[in-house]
Amino acid sequence: MSKLSEEQLIEIVQPLLEWYQKCARVLPWRSDPTPYHVWISEIMLQQTRVEAVKEYYQRFLKELPTIQHLAEVPEQQLLKLWEGLGYYNRAKNLQKAAKQIVTEYQGKLPPDYQKLQKLPGIGRYTAGAIGSIAFGLPVAAVDGNVLRVLSRLLASKDNISKNETKLKYENLLSGVLVEMKRAYHPGAFTQALMELGAMVCVPNGAPKCLLCPLQQLCQAYEKGIAESLPIKDGKKARRVESKTVFVLTCENRIAIRKRPETGLLSSLWELPNVEGILSQKQVKEQLKNWDLEVVTIQKLEKAKHIFTHIEWNMIGFEITVKSIENNHLFLWSTIQELKEQYPLPTAFGAYSPIKKQG
Ligand code: SF4
């Protein structure tokens, strides 16, 4: 990236920060940005909407107010706290990192960009966010919002899906942060850029250039090409899998089972299910294989759940069975136990008895 780009970007600092001071949303993690708070919020915000994160964030910190608490909480309780947020490896990595922080850094996140990146689940972006927001380090945090804003400001045709573009922009912003010579807080600059991307220079449709504090400095706006930027790879098609889900009940108990320790939704619980869309006859055969005798059977609505790379197309059957006395294939949970103890991923939400009860 040329020196000229860096000089152009230095000009945005002041108007951007003035706008941020006036217009930034009030968000729970902004009021007390300790390193732990910034870390938890940044991990939760990956792939998840701000509105959805607010409640989780507050509940999580109430239960686990310190890194020590996070390191010590039983995994199933941690996953229960994360239930519904998705991408459960994020929670597992948080705990792995917390254990390492307790052992190696006396329970405090290290104020060091490189050391932060050595912790599980913390990449360059998260290290940059914690470093700049919580520790005031002049390090960049380049997420999708920032990539889009910079591409448009500089009218850049670089493909933002490429790692080299991300590195280029990180270096560029780090240069700006060093040049600012601490006249401004690096964290405010980091957050202001992200906020502009989330609220004004938005994806999927026209950016709100008429409301933008950087309009006078924006090359894409000047050239009338803002909507065609940034350049990025097209999305890969998802793999489609079909499943038949069993809502098996007997005297106020429902069958659940634990998923394998590795792979998609590992260590979480699920409603019993099999690959493929079964007919009612095939469902009955399946129940025989599980040694269960049907009392009533009802076909449920189709449902779909979309993961990043996979799509589940599901059909459900609600089945009352006669007896569960000798059935050890499943854990037969009460609804209360399911609510309080067993993390059931949103993928099964359409058939979850908890949802049904409201
Ligand atoms: Fe984005 Fe428009 Fe502002 Fe340029 S002027 S940064 S395209 S919102």
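A residue is called buried if its relative accessible area is under 20%, exposed if over 50%, and partly exposed in between (1.4 Å probe, protein chains only). The model is predicted, and local features need pLDDT of at least 70, side-chain atom pairs count only at pLDDT 80 or more, and totals for chains, interfaces and linings use all residues. Residues are numbered from 1 along each chain as its sequence is written, and side-chain values use heavy atoms, with hydrogens and water left out.

Helices (H or I, at least four residues) and strands (E, at least two) are DSSP runs, numbered from the N terminus. Helix H13 covers residues 186-199. Of its 14 residues, 11 are buried, and H13 is thus mostly covered. The buried residues are Pro186, Gly187, Phe189, Thr190, Gln191, Ala192, Leu193, Met194, Glu195, Leu196 and Gly197. The expected span of a helix is 1.5 Å times one less than its number of residues. For H13 this span is 20 Å, and the end C-alpha atoms are 20 Å apart, in agreement.

The ligand sits in the largest cavity. On a 1 Å grid over the protein atoms alone, a cavity is a set of points where a 1.4 Å probe fits but cannot get out; a molecule sits in a cavity if more than half of its atoms lie within 2 Å of its grid points. A residue is near a molecule if one of its heavy atoms lies within 4 Å of it. The residues around the ligand are Arg152, Leu153, Val200, Cys201, Pro207, Cys209, Cys212, Gln215, Cys218, Tyr221 and Ala226. By class, this shell holds nine nonpolar residues, one polar and one charged. Ala, Val, Leu, Ile, Met, Phe, Trp, Tyr, Cys and Pro count as nonpolar, Asp, Glu, Lys and Arg as charged, and the others, Gly among them, as polar.

Two strands pair if DSSP finds at least two bridges between them. Strand E2 (residues 253-258) runs antiparallel to strand E1 (residues 239-250), to which two bridges join it. Cys250 has Arg253 in E2 as its bridge partner. The two strands form a hairpin with two residues between them, and Glu251 in the turn has a positive phi of about 45°. Asn252 also lies in the loop between E1 and E2, with phi near 65°, a positive value in a residue other than glycine. Asn252 is exposed, at 72% relative accessibility.

E6 pairs with strand E7 (residues 310-321) over four antiparallel bridges, and a hairpin of three residues joins them. The bridge partner of His305 in E7 is Trp312.

Most residues other than glycine have a negative phi, and most peptide bonds are trans. Tyr87 is not a glycine, yet has a positive phi of about 45°. Tyr87 lies in the loop between helix H7 (75-82) and helix H8 (89-105) and is partly exposed, with a relative accessible area of 37%. The peptide bond from Leu229 to Pro230 is cis, with omega near 0°; Pro230 is in the loop between helix H14 (219-223) and E1.

Terms used:
1 Å grid on protein atoms, 1.4 Å probe; cavity = no way out; pocket = protein on both sides within 12 Å on 5 of 7 lines; lining within 4 Å.
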